[in-house]
Amino acid sequence: MRSSPERSLTRYMVPAAALLAAGLALLLPNDDRLWDSLNRALPSPPDPRVVVVGIDDASLRDYGRLSGWPRELYGQALRTLDEAGVQTIGLDVGLSDLAQSETGLADLFSRPNVVLATPPGQTLDLPPGWRSPTGVNTLNTGPGGTVRSFQTAYKDRSGALRPSFARQLAVNAGQPVPLDTTPRLLRHVRSDPARLSIIPFRDVVNGNVRFGDLQGRVVLIGLTAESLPGATRRDAAGEVTPAVLLQARAVSTLLGAPLLRLPLWLTLLLCVAVAVGAVLVRGLWGFVIALAALGLAVPLWQVNVLFPGMTVSLAAILGTALVGLERWWTLRNLGTRDPLTGFGNRLAFTRAVEHRWPGRQGRPIGLLLVDLSGFRRVNETYGRAAGDEVLRGLAARLQTHKRRGDVVFRWGPDEFAVLLDNTGPGDLGPLTEKVQRTLEDFTYRDLSLRASVGGATTGPEVRTPTELIEAASRSRYRMKYQREQGE
């Protein structure tokens with residue numbers, strides 16, 4: 001029994017939505033642009049544990065060019081920070097010759113709570129027994145030179161993992177952070193007018209600081225001077241920011257509550273669920289589901305969950321698009337399909353014949369017309385539902401026994417047409433007899449039904465589709481007349 005095109009198409013919508021949504025989840029498991037927008041719109045408060053000591057333009061005016069600074073300047077800054085009781089210190093400056101410093105300074109720098117920054121691809125030449133950990137001071141730079149993410153480890157040229165500068169500081173501050181090359185979102189930080197964001201380096205050297213601002217803190221020393229090239233980057237908001245401040249944000253990100261990403265299987269399950277839901281609820285409800293999924297990303301962001309709202313939203317829109325495709329297909333075929341049998345109607349038959357007619361010389365076109373006698377008695381005796389059952393049964397027999405390339409149409413209330421592919425005069429007779437035998441014992445309850453089959457094929461005497469139809473009709477009427485005369 002054949003179903004209508006609408007019902008048969010609906011049957012495939014749910015699995016199609018599930019498969020497409022699963023593929024979407026695998027293709028776009030992360031919503032970096034959405035999370036970047038949320039990061040800018042909902043920045044985190046500054047972490048009070050992280051303090052930046054900036055080498056600003058005023059410090060450069062006082063002490064000269066950075067490359068010519070004596071190491072004693074850094075040593076004096078470290079002594080001040082030690083007196084203030086800082087927890088750990090990060091030196092994000094070029095100190096490649098520390099091993100050649102005088103003994104007193106070397107001992108001051110060689111401590112577990114002092115982290116030394118190393119440029120990407122380089123290592124510091126430190127003597128054996130040096131106790132200061134080192135970390136790569138790079139950040140992930142995206143299009144336009146914008147820094148949106150960082151890693152806790154980077155691979156060197158040999159493929160070995162090197163810890164990042166921010167990771168080493170977080171570990172020194174008591175936060176266990178594994179070595180991982182997976183990019184982590186760099187939390188954007190909103191400004192706090194009530195808090196001094198950067199302490200000038202020269203104030204630390206001169207001891208002109210409040211120890212209460214530094215006690216127990218994680219201190220990063222680095223360039224904040226605007227006059228030096230390469231000392232700044234663009235943050236997630238597009239603002240030009242000293243690189244050491246971005247390193248401080250990376251440390252704050254590691255010290256704060258972790259941003260949790262949904263596992264891939266959960267993202268896949270959510271995408272499949274909303275896509276299937278959009279198909280089942282139909283209408284425009286899929287867009288409501290999409291907006292809800294997108295809006296859910298905001299409250300989840302505030303509890304440190306990276307929700308792929310854009311991907312889930314696209315899955316819902318995908319389900320809605322499939323519903324729209326189904327409706328378009330239904331409307332497209334509404335005027336050419338018989339809703340009872342699913343076969344094409346007379347209009348579909350006309351289009352099919354017109355499409356095949358130009359190639360009839362190389363591939364002759366055959367036509368069978370099937371007429372069902374006694375059908376009216378079924379309707380009168382058992383009702384229209386019984387008549388529909390008879391027509392579906394006849395349609396099923398014709399569909400089962402047709403050849404590949406042949407197409408069945410509902411020609412009239414109790415008539416069917418079979419458009420035969422590549423059928424010449426020699427093939428027409430056996431095909432007509434085969435269909436006739438297939439329908440020979442067709443009955444419904446106590447009523448006997450009789451099918452009459454007539455056929456025709458293109459040739460020199462058949463010059464138009466109308467003549468083909470008339471030839472098949474005459475053949476069918478002859479068959480019907482012979483049957484009646486034989487009784």
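Residues are numbered from 1 along each chain as its sequence is written, and side-chain values use heavy atoms, with hydrogens and water left out. Because the model is predicted, local features need pLDDT of at least 70 and side-chain atom pairs count only at pLDDT 80 or more, whereas totals for chains, interfaces and linings use all residues.

The chain contains 16 helices and 21 strands, where helices (H or I, at least four residues) and strands (E, at least two) are DSSP runs numbered from the N terminus. Its radius of gyration, taken over C-alpha atoms, is 40 Å, well over the 23 Å that the globule rule gives for 487 residues, so the chain is more spread out than a compact globule; the rule itself is 2.2 Å times the number of residues to the power 0.38. Along the principal axes, the C-alpha atoms fill a box of roughly 125 × 45 × 35 Å. Of the 487 residues, 47% are buried, a term that stands for under 20% relative accessible area, with exposed meaning over 50% and partly exposed the range in between (1.4 Å probe, protein chains only). Among the contacts (heavy atoms within 4.5 Å) with a separation of 6 or more, 73% join residues 24 or more positions apart.

The largest nonpolar core has 30 residues, and those with the most contacts inside it are Phe201, Leu214 and Ile221; such a core is a set of buried Ala, Val, Leu, Ile, Met, Phe, Trp, Tyr and Cys residues joined through side-chain atoms within 4.5 Å. Two or more residues each are given to this core by strands S1 (50-55), S2 (88-92), S3 (114-118) and S11 (218-223) and by helices H4 (71-84), H5 (103-109) and H7 (201-205), and the largest share, six residues, comes from H4. Leaving aside neighbours within four places in sequence, Phe201 is in contact with residues including Val53, Tyr63, Trp69, Leu73 and Ile221. A second, separate core of 29 residues includes Ala21, Leu185, Cys271 and Val274.

Strand S2 is mostly covered, with five of its five residues buried. Thr88, Gly90 and Asp92 lie on one side of S2 and Ile89 and Leu91 on the other, and both faces are covered. S2 runs parallel to S11, to which five bridges join it, and Ile89 stands opposite Val219 in S11. The pairing of S2 with S3 is likewise in the parallel sense, over three bridges, with Leu91 opposite Leu116 in S3; two strands are taken to pair if DSSP finds at least two bridges between them.

Gln168, in helix H6 (residues 165-172), is buried, with a relative accessible area of 11%. Not counting residues up to four places away in sequence, Gln168 touches Val115, Pro133, Thr134, Gly135 and Pro163.

Most residues other than glycine have a negative phi. Asn422, by contrast, has a positive phi, near 50°; this residue is placed in the loop between strand S18 (415-420) and helix H15 (425-438) and is partly exposed, with a relative accessible area of 37%. Arg445 also has a positive phi, near 55°; Arg445 lies in the loop between strands S19 (443-444) and S20 (447-448) and counts as exposed at 62% relative accessibility.
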